[in-house]
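Subject: Structure handover, aromatic contacts

Hello,

Please find the structure below. My notes on its aromatic rings follow.

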Amino acid sequence: MQRIPEEKIDEIRSQVDIVDVVGNYVQLKKQGRNYTGLCPFHGEKTPSFSVSPEKQIFHCFGCGKGGNVFSFLMQIDGLSFVESVKKVADLAHIPLDVAISQGDSAPGNKPDSQESKMIEIHQLASKLYHYLLMETEEGQEALQYLLDRGMSEQELDHFEIGFAPAHASTVTTFLKKREVDLALAVDSGLLTERDDGEVVDRFRNRIMFPIKNDRGQLVGFSGRLFNQEDGPKYLNSPETPIFNKRNILYHFSDARQEIRKKEEILLLEGYMDVISSVSATFSNGVASMGTSLTEEHVQMIRRVTNRAIICYDGDRAGIEASFKAGTMLAEQHRLEVFVLQLPNGKDPDDFIRSEGAEKFAEIYTHQRLTWTAFKLQFFKRNRNLQNETDKIAYLGEALAEIGKLDQAVERELYLKQLGSEFDLSMEALKQQLQQTVVVKPKPHDYGGPPPESYGEYPSYEGDGGPVYEQFSFAQPSSVPSAGLTSEKRLLKYMLEDRDAFIQIRNLLEEHQTDFYHDNYKALYTHLIGFYASGNDANPLALMDQLKDDMARNLVSELEMMTVNTDVSIEEYQDYVQSLKKSSIERDIKEKEQALLMATQQGDMPAALELAKTITTMRATMKNTPN
């Protein structure tokens with residue numbers, strides 16, 4: 001493994017704010033001195049994940065994971081330490097001329113792994129496709145087609161759009177010359193094997209859109225027909241070890257920062273829609289690869305924002321897709337959802353190219369529909385509102401939706417709109433609303449009983465009105481023992497002050513005691529080695545040297561603790577004596593168990609000896625200061 005000098009690691013770490021890095025993966029909100037969000041390492045609905053800009057660490061109080069900026073990238077992206085340092089160096093624009101050797105990579109992400117080689121093959125092919133589009137006579141027709149559609153050469157370069165010629169072996173021959181394993185290229189989806197065993201290009205006579213995963217790695221392509229009707233309009237890479245449409249949103253890795261900035265994501269249907277939205281300065285746009293929104297997509301979105309703007313095509317299929325996606329986002333996952341409906345049923349690409357970016361921005365900003373408003377419009381489809389039966393059915397659906405709203409002001413607004421549209425009084429609508437809506441208990445964030453803060457929780461049965469039920473709640477966990485508290489505080493002081501480490505270590509030896517819990521004892525051992533190597537107190541640097549995730553998590557937990565900084569050696573001594581007392585208490589309990597067993601077995605000499613020992617130990621504990 002190639003070693004990076006400690007000074008260089010410190011320089012790289014100091015040049016990047018962990019909040020910015022973590023914010024690319026987690027939607028963070030300022031809360032006091034720290035930032036909080038939903039933990040990306042375990043499923044949760046109430047934020048327990050915290051990032052400290054002051055200490056440059058993260059810690060999840062739910063699952064216990066923690067560390068610094070390097071360990072965050074190691075865990076979330078599956079990187080080795082060297083790879084994470086290189087990635088942070090790139091973010092900080094710090095040159096780092098370090099080649100990653102085979103041993104540097106994390107399991108499953110080695111440079112010589114099948115997946116990494118597949119990604120490299122796609123990168124080679126992408127460069128070839130782009131060159132063929134921009135620089136060759138063969139790609140001239142495809143290039144002119146794109147320019148005629150209003151795309152600029154800058155956009156073509158930015159999105160690395162390319163062209164696959166009609167020949168069967170353009171990419172195959174190119175890869176052969178570079179001694180690429182063609183069987184692996186077939187497995188990656190770039191090439192295909194005919195029945196006679198001949199390997200040929202999968203994509204032919206198509207405009208090529210490179211597809212990246214959420215880490216920004218090129219993992220597939222989508223090829224678009226442009227001058228013929230034979231074959232599907234879009235041909236995507238097949239499912240492979242590196243490409244799965246359920247896990248990929250086009251442009252997501254590049255849009256992530258803008259999504260965070262705008263605090264909302266723009267959901268589009270096609271690649272051209274995304275490219276046009278970026279040209280209109282809406283770089284928070286993504287597309288779902290021609291497939292319906294999936295649970296995996298929603299989880300990706302929830303990491304960075306809780307607001308989605310849906311802008312699908314204005315045709316029948318697009319409107320139905322908007323309803324389906326919005327239902328998943330708003331009603332199943334509780335995101336705030338708005339819908340853009342462009343005039344004359346145009347798709348975003350056509351609208352932006354024909355009407356301009358300013359008009360699109362006007363609709364985006366001022367004419368977005370709330371999810372309820374969109375649903376009310378959606379329910380009118382295929383209904384003849386001049387027909388009384390259809391009208392009554394629609395009003396029933398509309399009132400049911402309005403009844404789901406939590407805010408009285410919202411309900412009033414939509415009721416007034418219904419009243420104006422159908423010439424109905426507010427009194428009649430409110431009366432009908434009461435009869436239409438079935439009141440249900442308010443949903444809570446997790447699968448167990450309702451939170452204790454709800455108090456009595458109503459359930460509704462039949463016509464008898466609300467029936468209040470009393471729920472039992474799990475007892476809160478016991479308060480940490482004095483010994484455990486002392487262990488935490490001592491390690492906290494030792495982590496942050498070399499002199500404190502020396503004083504506390506001397507006290508531990510003087511009182512002939514040690515840390516009891518295994519992970520605390522292991523961290524203490526790491527600290528001994530860390531300071532013995534001449535290091536000053538530096539929890540972030542210590543984290544980089546820890547190979548044990550448990551130890552790293554413990555450091556982040558201790559760093560998140562707030563303790564009195566003006567501490568004396570007498571206070572250290574109190575904590576050490578608390579450890580000593582806890583140790584004696586544990587020994588007494590063990591001896592008492594042994595005494596009970598000796599008595600039951602009739603071994604009176606052993607029982608008497610144990611009784612004497614226990615008496616002596618209790619006297620010692622009594623003389624140990626609290």
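How many aromatic pairs does the structure hold? There are 30 aromatic pairs, where rings of Phe, Tyr and Trp (its six-membered ring) pair if their centres lie within 6.5 Å; planes under 30 degrees apart count as stacked, over 60 as edge-to-face and the rest as tilted.

This is a predicted model, in which local features need pLDDT of at least 70 and side-chain atom pairs count only at pLDDT 80 or more, while totals for chains, interfaces and linings use all residues. Residues are numbered from 1 along each chain as its sequence is written, and side-chain values use heavy atoms, with hydrogens and water left out.

One of the pairs is Phe49 with Phe72: the ring centres are 6.4 Å apart and the planes stand at 50 degrees, so this pair is tilted. Phe49 belongs to strand E3 (residues 49-52) and Phe72 to helix H3 (residues 69-77), so the pair ties together parts 23 residues apart in sequence. Helices (H or I, at least four residues) and strands (E, at least two) are DSSP runs, numbered from the N terminus. Both Phe49 and Phe72 are buried (under 20% relative accessible area; exposed is over 50%, partly exposed in between; 1.4 Å probe, protein chains only). Tyr25, Phe41, Phe49, Phe58 and Phe72 make up one aromatic cluster.

Phe163 and Phe226 have ring centres 6.0 Å apart and planes at 75 degrees, so they are edge-to-face. Phe163 is buried at 3% relative accessibility, and Phe226 is buried at 13%.

The charged end of Arg368 sits over the ring of Tyr364, 5.0 Å from its centre (CZ of Arg or NZ of Lys within 6 Å of the ring centre and within 35 degrees of the ring normal).

Regards
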